[in-house]
Amino acid sequence: MLSAGRTTLIALTALAPVSWGTTYAVTTEFLPPDRPLFTGLARALPAGLLLLALARVLPRGAWWWKAVVLGALNIGAFFPLLFLSAYRLPGGMAAVVGSVGPLFVVGLSALLLGQRPTTRAVLTGVVAAFGVSLVVLKAAGGLDALGALAALASAASMSTGTVLTKRWGRPEGVGPLALTGWQLTAGGLLIAPVALLVEGAPPALDGAAVGGYLYLALANTAVAYCLWFRGIGRLSATQVTFLGPLSPLTAAVVGWAALGETLTPVQLVGMALAFGATVAGQRAPRAETGTETGTAPVPFSSPSRNGRKDSMDLTGPALRR
């Protein structure tokens, strides 16, 4: 039985993947089309600089390179890989491939943290991935090898960054605000030259786009990542890992409620399976302790809208078609 305090902590941490699930709708309705790297940059760098200004704490000693490594894994490398996979894979295939992230964390936790994987954790991860596939996988077509590798690499990158965040902890006297700011700033600085080379100069922005980017930078990134990294530090591996499916479920619900998309019976079954895996994942085995790690979710897009190819977001923006 979960205590009231632990239930509150889980609920606050869950707000991060729920927020990431709204990215598809914001991107398609308010932002300039076909600028995924600029959107990733606009999310990460302003949010990171804001958190640095609020925390007023800079890395010291080994934490300079640790912050760069975590920023690269969780943001800087993850975003481009995520977008590459979403562009090259049909429909929700990128989301399905990326949903193996919890299974990556189970293996990485055994390798880096010495934590034995449990049968229940593996089975719950498989059920969650299957449920996600029923929700987002609609388009048929051949599996692009480069796209599939990019999707796997993006999930592996974020999973590795999350496990290392758990392994390294935080320097004494440094809170989640500063740690999140370090990673977002480092990741944003790594994305900046890639965005400039691939997409060119920033696009012209109208009022709707400015509002959309403000939402993504503040609520969807600064606040969401602070809650997520706080949860990683205080929850067990099973609990944090299986909050991930809330992102594609939120995207599907927002698409149905706000964008006029339909939900088929198969998708509803998939949502029930994925949500059931999320709830089951909160009942951590007694052998688990608060030192265990969780995984960051791989945010996914909602189902296809008007026949367009699905896009997907983990922490990165959904791609607009």
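Reply: Each label below is set against its definition. This is a predicted model: local features need pLDDT of at least 70, side-chain atom pairs count only at pLDDT 80 or more, and totals for chains, interfaces and linings use all residues. Residues are numbered from 1 along each chain as its sequence is written, and side-chain values use heavy atoms, without hydrogens and water.

Me: Why is the pair of tryptophan 63 and tryptophan 168 called edge-to-face?

Reply: Rings of Phe, Tyr and Trp (its six-membered ring) pair if their centres lie within 6.5 Å; planes under 30 degrees apart are stacked, over 60 edge-to-face, the rest tilted. Here the centres are 6.4 Å apart and the planes at 85°. So the pair is edge-to-face.

Me: What makes tryptophan 63 count as buried?

Reply: Its relative accessibility is 8%. Buried means under 20% relative accessible area, exposed over 50%, partly exposed in between (1.4 Å probe, protein chains only). So tryptophan 63 counts as buried.

Me: Why is the pair of tyrosine 225 and phenylalanine 229 called tilted?

Reply: The ring centres are 5.7 Å apart and the planes at 35°, so the pair is tilted. Both residues are buried.

Me: What makes a nonpolar core?

Reply: Buried Ala, Val, Leu, Ile, Met, Phe, Trp, Tyr and Cys residues, joined through side-chain atoms within 4.5 Å. The largest core has 31 residues; Ile75, Leu184, Tyr225 and Trp228 touch the most other members. Another core, of eleven residues, lies apart from it and includes Trp63 and Trp182.
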